[in-house]
Amino acid sequence: MLGPEMPLAEIEAWLREDDPARLSELWGAADETRRRFVGDEVHVRGLMEPSNHCVRSCTYCGLRAQNAAIPRYRLSTEHVLTAARQAHELGWGTLVMQTGEDYGLTREWVADLIRAIKRETPLAVTLSLGERPREDFAAWREAGADRYLLRFETSDPALYAHIHPPLSPCEPNRIERLRWLAELGYEAGGGVMIGIPGQSYEILARDIDLFRAMDLDMIGVGPYIANPDAPLGCEDALPDGEQVPADELMAYKVVALTRLVCPEANLPATTALATLDRAHGRMLGLQRGANVIMPNLTPARYREMYRIYPGKAGYAETAEATAGRLRGQLAEIGRRVGVGPGGRRQGQSEE
Ligand code: 5AD
């Protein structure tokens, strides 16, 4: 059953499917669901990475505090405002600010920045600043932030504990924090990595089932990419046939299944997907369920330092050139750049 009620066992069976004819059915159903529920507009979010400092020790991520191989930076308010103006001038509706968990970015500094963006532009503001205290989330919402992204990475508690050492013994996990964010009135975005060593097909099927149960507004998924500057390694992988591969085909399956079970959610074709399939990743993602794209507006000299994994895909061109090229590529696949903030549409299926 290729619809929102798809049973868990069937989700898992699709994850294991490798018959090309069957997979084309999956892509077709996901694309049709995308068209009906969120339409042909592709929302473009300008992505800005104002800091790569992080207090965490996530075993998969290059920003982890222990990684001495990357120089650390923090950008100024003016840097971020420049990116915001640029996004607006290019006709994009949202600025996403993503950082490591950096308490050098104080609650007040971030709140002032959100107010300044809102004063100067009509952009929606999405934050992705890690597992900050609830008071910070509340202050930023009060200052005008619209959305918050916090991937829960995996729904499996043991695997989560393995890849995400806590800062203190009983801290709330990211799933709980996503509930706070929804309570505070944010559009809340979760997501997972695909092919984490130790991730079974059953775990990944449960992740997708949890997206549905949480009724997330945004869901970002992408393949896990091994990072030589982070300790998680293939020695944690499950035996053949049990371990989910971290490849682009699996990522497309997860995008498509996520669209089918969460028809209204905003789903990006992610940078990690584009990193594995540079030529087609973004556009194929958009043709298999995704409806959002997030080009990078971080100044070029800092981008290389925001190395959560190696070889991160980016557009090696100016933002203007990216905007022009995206318009052309989207037209080729019968889509267009979305106008306005592109928030979640609820109950607005076009048929
Ligand atoms: N491979 C793929 N994705 C990664 N992320 C962090 N490290 C990696 C990696 N090595 C993803 C996480 C995080 C998001 C910002 O980037 O899912 O939530």
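**Ligand site.** I began with the ligand and listed the residues around it, which are Tyr60, Cys61, Arg151, Glu153, Met193, Pro223, Tyr224, Ile225, Ile308 and Tyr309, where a residue counts as near if one of its heavy atoms lies within 4 Å. The model is a predicted one, in which local features need pLDDT of at least 70 and side-chain atom pairs count only at pLDDT 80 or more, while totals for chains, interfaces and linings use all residues. Residues are numbered from 1 along each chain as its sequence is written, and side-chain values use heavy atoms, with hydrogens and water left out.

I then looked up polar contacts, meaning pairs of N or O atoms within 3.5 Å; within protein, one must be able to donate a hydrogen and the other to accept it, and residues adjacent in sequence count only if both atoms are side-chain atoms. A backbone N or O atom of tyrosine 60 lies 3.0 Å from a nitrogen atom of the ligand, and a backbone N or O atom of isoleucine 225 lies 2.8 Å from a ligand nitrogen atom. From glutamate 153, a polar side-chain atom lies 2.5 Å from an oxygen atom of the ligand. Of the 410 Å² of accessible area that the ligand has on its own, the protein covers 88% (Shrake-Rupley method, 1.4 Å probe; for residues, only the protein chains shown count as cover).

**Strand E3.** Next I turned to E3, residues 124-128, and found that 5 of its 5 residues are buried, so the strand is largely enclosed by the rest of the structure. Buried means under 20% relative accessible area, with a 1.4 Å probe and protein chains only; strands are DSSP runs (E, at least two residues), as are helices (H or I, at least four), numbered from the N terminus. Ala124, Thr126 and Ser128 cover one side, Val125 and Leu127 the other.

I noted that 5 bridges join E3 to E2 (residues 94-98), and that these two strands run parallel; leucine 95 has valine 125 as its bridge partner. On the other pairing, 2 bridges join E3 to the parallel strand E4 (residues 147-149), with leucine 127 partnered by tyrosine 148.

**Glutamine 243.** Last, I checked glutamine 243, in the loop between strand E6 (218-223) and helix H9 (248-261), and found this residue buried at 15% relative accessible area. A polar atom of its side chain lies 3.0 Å from the backbone oxygen of isoleucine 196, and the side chain of glutamine 243 also reaches the backbone nitrogen of glycine 198 at 2.8 Å.

Note on methods
Buried means under 20% relative accessible area, exposed over 50%, partly exposed in between (1.4 Å probe, protein chains only). Two strands pair if DSSP finds at least two bridges between them.
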